[in-house]
Amino acid sequence: MPYYRSVGQVPPKRHTQFRQPDGSLYAEELMGEEGFTSDASLLYHRRLPTAIVAAEPVEAEPDGLVANHPLLPRHFRTHQLKAGGDPVTGRRLLLANPDVRLAYVAGEEPSGLYRNAIGDECVYVEAGRARLETVFGALDVAEGDYVVIPTSTTHRWVPEPGAPQRALVVEAAGHLRPPRRYLSDAGQFLEHAPYCERDLHPPTEPLVAEAPGEVEVLVRHRAGLTRYTYDHHPFDVVGWDGCLYPYRLSIHDFEPITGRLHQPPPVHQTFQGPNFVVCSFVPRLFDYHPLAVPVPYNHANVDSDEVIFYTGGDFMSRAGSGIGQGSISLHPSGFTHGPQPGSVERALGKPGTDELAVMVDTFRPLDLGPAARDTQAADYPWTWSKGPQPPAGSAR
């Protein structure tokens with residue numbers, strides 16, 4: 001994170017005696033990245049954060065990933081996936097490679113306590129409202145929020161009753177940050193950045209659970225899943241400070257960068273992860289050169305697979321392809337892609353666009369998960385062509 005926060009009670013000096021009202025010491029925990037050499041926070045617990053009384057492996061279904069072969073552009077309709085379950089265990093795997101996993105979830109029930117020990121998570125809320133409870137405090141989140149949860153943060157999701165919390169979940173195998181070019185050497189957002197510190201909303205007060213008794217926490221790690229049992233609730237932090245914590249950023253606070261001619265995708269970048277980026281397409285004015293072509297040109301991004309999650313508005317370059325709310329397109333490296341036939345002409349002279357979408361570009365090929373194969377639109381690869389359709393089943 002680019003700036004320091006202090007929440008709740010912390011002592012004047014780190015690693016010094018800090019006593020509870022009964023005279024006992026608070027238990028200090030350093031939570032830090034990259035072996036004490038990167039962002040970190042110090043948390044002060046009422047009880048030991050290490051006090052487990054049991055640990056057991058949890059069996060999980062295999063990921064079921066298959067290669068994108070034959071190499072094709074693909075369209076997945078996420079709203080065909082059944083809603084239900086909770087926002088953690090109800091996730092349906094769409095796409096993955098060694099750097100990142102993309103899943104979709106329409107959770108309706110509160111989750112149990114969970115900790116991802118592999119990497120940071122970025123949850124984009126397509127619809128619904130929820131409360132994220134964490135050891136750092138709570139965040140109330142709604143449609144359009146990116147919620148960034150640092151590695152190994154113990155947390156739970158509590159969706160608001162009445163409608164499922166629909167979300168795209170980006171699970172990194174490492175850490176997620178604002179792009180380096182947006183930040184000064186000291187970590188301050190620069191003037192050309194499309195968002196700044198005022199747009200980032202971390203927890204503002206501690207969240208202390210008084211529930212007695214043992215508590216279970218599900219931990220995802222490199223060897224699988226483990227369920228710990230603690231002798232007390234882990235939400236016992238009375239204060240913390242540092243530069244590592246969960247936060248939310250609304251896509252509606254992302255300020256678009258425009259120009260006289262069409263701007264390339266890096267101007268939409270919102271986060272960077274290990275070998276992938278996350279970008280935001282938001283309502284904006286079109287290019288203002290008198291002869292500008294406002295829709296994207298045909299392009300072959302030879303190093304990336306491109307994933308776009310369509311979350312609202314009218315995405316001008318995909319008109320006529322069947323793309324709608326909740327659609328996800330995959331345009332892989334090795335396939336030259338661009339606007340659908342007729343999109344260029346329809347966009348000429350228009351003053352702007354109201355599209356809303358999240359893009360994930362990866363630098364290693366993405367494999368297809370079960371949820372992608374279950375929701376695939378078989379005709380999408382051929383929507384740029386007026387030729388005959390291929391034989392049934394050839395898109396798989």
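Predicted model: local features only at pLDDT ≥ 70, side-chain atom pairs only at ≥ 80, totals over all residues.

Q: How many disulfides does the search of the whole structure find?
A: The search finds zero disulfides. C196 is in none, and its nearest cysteine sulfur, in C243, is 16 Å away.

Q: Is C196 buried, exposed or partly exposed?
A: C196 is partly exposed, with a relative accessible area of 27%. C243 also counts as partly exposed, at 23%.

Q: Changing topic: how many cavities of 30 Å³ or more are there?
A: The structure holds one. The largest cavity has about 90 Å³ of space.

Q: Which residues line the largest cavity?
A: The lining includes I257, T258, G259, H262, Q263 and H268. R284, L285, F286, D287 and P294 are also part of the lining.

Q: How do the lining residues divide by type?
A: Four are nonpolar, five are polar and two are charged.

Q: Next, Q165. Which strand is Q165 found in?
A: Q165 is in strand β14, which spans residues 165-172.

Q: Buried or exposed?
A: Q165 counts as buried, at 1% relative accessibility.

Q: What does Q165 touch, leaving out residues up to four places away in sequence?
A: Its contacts include P87, V105, A106, G107 and V125. A127, A130, W157 and P159 are also among them.

Q: On to the rings. How many aromatic pairs does the search find?
A: The whole structure has 16 aromatic pairs. One of them is Y124 with F309, an edge-to-face pair at 6.4 Å centre to centre with 85° between the planes.

Q: Where do Y124 and F309 lie?
A: Y124 lies in strand β9 (residues 121-127) and F309 in strand β22 (residues 305-312), so the pair ties together parts 185 residues apart in sequence. Y124 is buried at 2% relative accessible area, and F309 counts as buried at 1% relative accessibility.

Q: What about Y146 and F271?
A: Their ring centres are 5.4 Å apart and the planes are at 85°, so this pair is edge-to-face. Y146 is in strand β12 (residues 145-149) and F271 in strand β19 (residues 269-273), so the pair ties together parts 125 residues apart in sequence. Y146 counts as buried at 1% relative accessibility, and F271 counts as buried at 0%.

Q: Which residues do ring pairs link into a cluster?
A: The cluster consists of Y104, Y124, Y146, Y182, F189, Y195, F254, F271 and F309.

Key:
Residues numbered from 1 in each chain as written. Heavy atoms only, no water. Disulfide = S-S within 2.5 Å. Buried < 20%, exposed > 50% of the residue type's maximum accessible area, 1.4 Å probe, protein only. 1 Å grid on protein atoms, 1.4 Å probe; cavity = no way out; pocket = protein on both sides within 12 Å on 5 of 7 lines; lining within 4 Å. Points joined across faces, edges and corners; volume = space filled by probe spheres on them. Nonpolar A, V, L, I, M, F, W, Y, C, P; charged D, E, K, R; others polar. Helix = DSSP H or I, 4+ residues; strand = E, 2+ residues; numbered from the N terminus. Contact = heavy atoms within 4.5 Å. Phe/Tyr/Trp six-rings, centres within 6.5 Å; stacked < 30°, edge-to-face > 60°.
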